[in-house]
Amino acid sequence: MNDLSIKAFAEELAAKTSVPGGGGAAALAGALAAALGSMVGVFTVGKAKYAAVEPEILALMDKAEELRKQLLNCIDEDAVGFEPLSKAYGIPKDEPGRDETLEKCLHDAAAVPMKILILSCQVIDLQEEFAAKGSTLMISDAGCGAVLAWAAMYAAALNVRVNTKLMKDRAYAEDLNTQVEEHMNFYWKKADAVYESVFERLK
């Protein structure tokens, strides 16, 4: 998926195929959010005005680049995780071992969206720093990055929940659901605070 053009990826997303889907789209949104953080950094380093924070900005850029790569990899990982599940749904209900196979596939299919959610939260943390310390000429990009990461987090959460809803192991499912809720409850506020801060500075 990573080798597709933007146009081709969008066409694949719109097609009558199981993948890419919401998980892949969430990963792409998170990767774009991380890339915007890197952009803020690039336009900040080397400027005398920001010399005092340049080491911090460089460190943030390294983190942003790593997150971007991980989130892009999640596009393919999500597709790989979902395909066995789509096939498992086709197993006859009376076939021995169907429930065990389906349960394993649900666990695997939930794992990558959970990873996307956590990585997107880390991108929100970065955008908070980029907005506070980066070039004032680029604060709108930090705000955009926070919003895109927020969207990636929420989209990933839906893709976790669609799998946990069907799990037979309710203890495992509820543990994942709790992790999702804890991250969302904290990070939607942080992303919103970044957005509001940037919006106010642009007035």
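Residues are numbered from 1 along each chain as its sequence is written. In this predicted model, local features need pLDDT of at least 70, side-chain atom pairs count only at pLDDT 80 or more, and totals for chains, interfaces and linings use all residues, while side-chain values use heavy atoms, with hydrogens and water left out.

**View 1. The largest pocket and its lining residues.** The largest pocket holds about 200 Å³ of space. A pocket is an open set of points, on a 1 Å grid over the protein atoms alone, where a 1.4 Å probe fits, with protein on both sides within 12 Å along at least five of seven lines; lining residues have an atom within 4 Å of a point. Points are joined across faces, edges and corners, and the volume is the space filled by probe spheres set on them. Among the lining residues are M1, N2, F9, L28 and I75. The lining has 10 nonpolar (Ala, Val, Leu, Ile, Met, Phe, Trp, Tyr, Cys, Pro), two polar (the others, Gly among them) and no charged residues (Asp, Glu, Lys, Arg).

**View 2. Helices around the largest pocket.** Helices are DSSP runs (H or I, at least four residues), numbered from the N terminus. Helix 1 (6–14), helix 2 (22–42) and helix 3 (54–88) each supply at least two lining residues. Helix 1 gives the most, with four.

**View 3. The second largest pocket.** About 170 Å³ of space lies here. Of 16 lining residues, D78, F82, N159, V162 and N163 lie nearest the centre. Helix 3 provides the largest share of this lining, four residues. By class, eight residues are nonpolar, seven polar and one charged.
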